[in-house]
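Colleague: I am new to this structure and would like a friendly tour. Could you show it to me before I start asking?

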Amino acid sequence: MTMNATGGRRRPPTIHDVAREAGVSRGTVSRVLNGGHYVSPSAQEAVNAAIRKTGYVVNRHARSLITGRSDSVGFLLTEPQERFFEDPNFNVLLRGCTQALAAHDIPLLLMLAGTPDERRRIMRYITAGHVDGVLLVSSHSGDPVADELRDAGVPLVACGKPIGQASKVSYVAADDRDGARDMVRHLLSLGRRRIGTVTGPLDTPGGVDRLAGYREILAEEGITVDERLIASGDYSRAGGEAAATRLLAQAPDLDAVFVASDLMAQGVLTALDRADRRVPQDIAVGGFDDSPAALTARPELTTVRQPWDRISAEMVRVLLAQIGGEDPAAVILPTELVIRGSA
């Protein structure tokens, strides 16, 4: 805030200043600020020019009292806090959603609810009307958050296809099953036949669908699925390392591993190095996500790219449409095989 000619603090510009500068009524300015309905293009252009010239900033609190909206959105992660800092996917998704909402001048509030107590506090905050909608990330089957939000009438979009709720909740997802099929098909093309997999949590859509894709391609190739070649993981680096150690003990003749996340694949590489198995000469390794973890791995990971920018943009688009009164919607986006040094 600057000083005026007499040395006092200059008051911030108001909606009246904008109206006077634009040569329109205060009501016209208000309609422009609330979506531009029933405003001519010339008047809207004049108001926008006046806003830029005066430096007017919307008083969100005052507007929320009129519209009944908070003009903010929640990014709700139902995982322990340490997972947010360890897994690069969450940060990539958060950044993309923040940028997509910034185009609409809507702030994004990060909410972590990894325990029942945290979930209760966050649900009280959300259902009190402090956000207009929620982008829900990493919800497990049996997790009551999606049901509670839907029952409370809170607009909601999930990242990933919610298990058992696909027809009730809006969601945006990568094609996990098809991506897994592409990876296993690639490993087979390298001449590998004892292909193991480290799954994601099997109470998550990614965990279920990526395992299904693995099974389907082996079956199509006439290869009997050996259950000793399947080890469950939890999307963490440590979980991947532990799962790979089990695989080597159960099936020491494996010659490839499809890992359901790049972060877990880093742990798999650690276990293989400790066991003196060369990658890719002895065992080829494929990941999933094409997260920053794929590029920091040694060797760099062959992986399945999720289109994070599109996922973020679509989650925001679907949520804003739902806030505006549209019905729930589902969007499934294609993945892409990215070949690097590990396979």
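Modeller: Here it is, and below we go through it by question and answer. This is a predicted model, in which local features need pLDDT of at least 70 and side-chain atom pairs count only at pLDDT 80 or more, while totals for chains, interfaces and linings use all residues. Residues are numbered from 1 along each chain as its sequence is written, and side-chain values use heavy atoms, with hydrogens and water left out.

Colleague: How many helices and strands does the protein have?

Modeller: Helices (H or I, at least four residues) and strands (E, at least two) are DSSP runs, numbered from the N terminus. The C-alpha trace spans about 80 × 40 × 35 Å along its principal axes. Within it the protein has 14 helices and 12 strands.

Colleague: What share of the residues in the protein is buried?

Modeller: Buried means under 20% relative accessible area, exposed over 50%, and partly exposed in between (1.4 Å probe, protein chains only). Of the 343 residues in the protein, the buried share is 51%.

Colleague: Among contacts between residues at least 6 apart in sequence, what percentage join residues at least 24 apart?

Modeller: A contact here means heavy atoms within 4.5 Å. Counting contacts between residues at least 6 apart in sequence, the part that joins residues at least 24 apart is 69%.

Colleague: Which strand pairs with β4 over 3 bridges?

Modeller: Two strands pair if DSSP finds at least two bridges between them. Strand β3 (residues 134-137) runs parallel to β4 (residues 156-159), with 4 bridges joining them, and V137 has C159 as its bridge partner. The parallel partner over 3 bridges is β5 (residues 170-174).

Colleague: Which residue just after α9 takes a positive phi?

Modeller: Along α9 the buried residues include D176, G179, A180, M183 and L187. Just after the helix, a positive phi of about 90° belongs to G191.

Colleague: Which residue forms a salt bridge with R181?

Modeller: A salt bridge is a side-chain nitrogen of Lys or Arg within 4 Å of a carboxyl oxygen of Asp or Glu. R181 is buried, at 16% relative accessible area, and its closest N and O atoms to the partner are 3.0 Å apart. That partner, in helix α10 (residues 205-220), is 35 residues apart in sequence from R181 in helix α9, so the pair ties those parts together. The partner is partly exposed at 26% relative accessibility, and its name is E216.

Colleague: Which residues are linked with R181 and E216 in a network of salt bridges?

Modeller: The structure holds 21 salt bridges. Besides R181 and E216, the network links R177, D209 and E220.

Colleague: How many residues apart are K53 and E21?

Modeller: The side chains of K53 and E21 meet in a salt bridge, 3.1 Å from N to O. This pair links distant parts of the chain, with K53 in helix α3 (residues 41-54) and E21 in helix α1 (residues 15-22), and the separation is 32 residues.

Colleague: Which residue follows α14 with a positive phi?

Modeller: In α14 (residues 308-323), the buried residues include W308, I311 and L319. A positive phi, near 110°, comes after the helix at G325.

Definitions and conventions:
The expected span of a helix is 1.5 Å times one less than its number of residues.
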